[in-house]
Amino acid sequence: MADADTQREAVLTAIDRVADRLEEERSYLTELDSAIGDADHGSNLSRGFRAAADEVENSEDDVDEIVKTIGVTLISKVGGASGPLYGGSIMSASQELDDGLTAETSIAFGEAYLEKVLDRGDARVGAKTMVDALTPAVHTYKKSIEVDDLPPLTALAKAVEAAEAGVAFTVPLRAEKGRASFLGWRSVGHQDPGATSTLFIMEELLATAEQYLEGETDVDAAAPTEPDVDPDEVDGGEE
Amino acid sequence: MIGLVVVSHSQKAAEGICEIAAQMGGDAPIEPAGGDDGEIGTDVTAIKDAIKSVDDGDGVVVLVDLGSAVMNAELAIEMGDTDAVIADAPVLEGALNAAVEATNPSATIDSVVEKAEDARDYHKVN
């Protein structure tokens with residue numbers, strides 16, 4: 001994707017959009033988290049991502065350094081489990097971007113982020129966590145580019161669709177991780193806040209990509225989603 | 001001497017657990033890292049600072065309560081340069097055991113972790 005200056009601008013636009021979106025969704029995320037958690041997800045995330053956006057606002061760094069700074073700021077500002085899960089994973093995955101933002105490095109970033117979340121949270125698909133949105137999104141993105149040969153913008157649109165399905169999938173599940181797991185069966189029927197905020201973040205990444213990858217035709221984005229491995233995985237997790 | 005850090009979502013709980021543990025393991029350096037800016041939560045920076053403050057070079061064992069305490073402690077250890085290990089133990093009983101073992105002249109990180117983890121098997125009512 002374009003030159004280093006444009007990449008930097010895109011990353012700064014993305015973090016600003018994410019911060020704005022999480023601010024807008026603060027009450028909604030808090031509402032979801034009051035049902036099955038400690039009611040701090042909305043305020044923690046909006047505060048942390050705004051602080052991260054402010055921290056890098058006028059940065060002249062390369063994208064990997066900017067993304068790393070975003071992660072480090074989130075770690076110190078978000079609090080709760082979201083600090084290490086979002087911030088720690090962004091910080092760790094940022095090293096995949098040392099060659100800048102390309103289709104290849106963005107896949108590596110997504111995979112590294114997912115791997116860190118799985119490792120840190122000790123979660124799996126079906127445990128009613130952000131992993132349920134993140135896993136299908138990362139798999140779909142990778143498959144769309146590497147197997148279906150689709151352009152990154154289209155792949156990202158499909159990844160967002162997959163994340164949406166993942167968020168819906170969390171509703172009927174019993175929580176196995178986090179504060180919600182203490183509620184046992186009472187967690188069933190509620191949408192997971194972490195999966196939801198993960199979807200919001202991805203939607204803003206997509207909106208940013210649409211802005212910066214305009215040259216790519218988005219005709220493909222309207223094409224039907226091809227069957228892939230995720231529905232099987234979703235079925236498997238439900239057992 | 002092995003240092004100890006008690007991480008809890010509550011500042012009061014972390015401090016109280018340190019008090020109880022210090023009563024038995026008086027000489028062991030033990031530091032609470034509780035709460036997040038005065039609220040219920042855990043704070044990676046506070047944990048990192050606490051680990052550093054009790055490290056005299058022999059290493060540190062960290063006791064934790066729930067979920068994010070574990071993750072933030074892991075992250076604090078990764079971000080710092082102290083040889084520190086999280087004990088997979090109940091926070092209060094583990095801290096007490098660890099404090100007693102830490103005062104043993106031949107204590108190592110492994111022996112302190114092992115004693116802390118012995119507390120997993122404690123029964124309170126038979």
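Predicted model: local features only at pLDDT ≥ 70, side-chain atom pairs only at ≥ 80, totals over all residues.
**View 1. Helix 1 and helix 3 of chain A, side by side.** Here we're looking at helix 1 of chain A (residues 4-24) and helix 3 of chain A (residues 41-56), whose axes come within 8 Å and cross at roughly 155°. Anything over 145° counts as roughly antiparallel, so that's the label for helix 1 and helix 3 of chain A. The crossing of helix 1 with helix 3 of chain A is left-handed. On the helix 1 side, the contact is made by Leu12(A), Ile15(A), Asp16(A), Val18(A), Ala19(A), Asp20(A), Leu22(A) and Glu23(A). Helix 3 of chain A brings Leu45(A), Ser46(A), Phe49(A), Arg50(A), Ala52(A), Ala53(A) and Val56(A). Sort this contact by class and you get ten nonpolar, one polar and four charged residues.

**View 2. Ala127(A), tucked into a loop.** Find helix 6 (103-121) and helix 7 (131-146) of chain A, and Ala127(A) sits in the loop between them. Is Ala127(A) buried or exposed? With a relative accessible area of 1%, Ala127(A) is buried, since the cut-off for buried is under 20%. Setting aside neighbours within four places in sequence, Ala127(A) is in contact with Asp132(A), Arg174(A), Ala175(A), Glu176(A) and Lys177(A).

**View 3. Chain B, element by element.** Chain B has five helices and four strands. Trace chain B from the N terminus and the elements go β-α-β-α-β-α-β-α-α. The C-alpha trace of chain B spans about 35 × 35 × 20 Å along its principal axes. For 126 residues, a compact globule would have a radius of gyration near 14 Å, and the 13 Å of chain B agrees with that. Buried residues account for 48% of the 126 in chain B. Of the contacts in chain B with a separation of 6 or more, 74% join residues 24 or more positions apart.

**View 4. Helix 2 and helix 3 of chain B, packed at an angle.** In chain B, helix 2 (residues 44-53) packs on helix 3 (residues 67-79) at about 55°, with the axes 8 Å apart. That angle makes helix 2 of chain B oblique to helix 3 of chain B. Helix 2 and helix 3 of chain B cross in a right-handed way. By class, that's eight nonpolar, one polar and one charged.

Key. Residues numbered from 1 in each chain as written. Chains lettered and ligands numbered in written order. Heavy atoms only, no water. Axes fitted to C-alpha atoms, helices over the stretch in contact; angles between N-to-C directions. Helix = DSSP H or I, 4+ residues; strand = E, 2+ residues; numbered from the N terminus. Parallel < 35°, antiparallel > 145°, perpendicular 65-115°, else oblique. Left-handed = near helix turned anticlockwise from the far one by under 90°. Contact = heavy atoms within 4.5 Å. Nonpolar A, V, L, I, M, F, W, Y, C, P; charged D, E, K, R; others polar. Rg over C-alpha atoms; globule rule 2.2 N^0.38 Å. Buried < 20%, exposed > 50% of the residue type's maximum accessible area, 1.4 Å probe, protein only.
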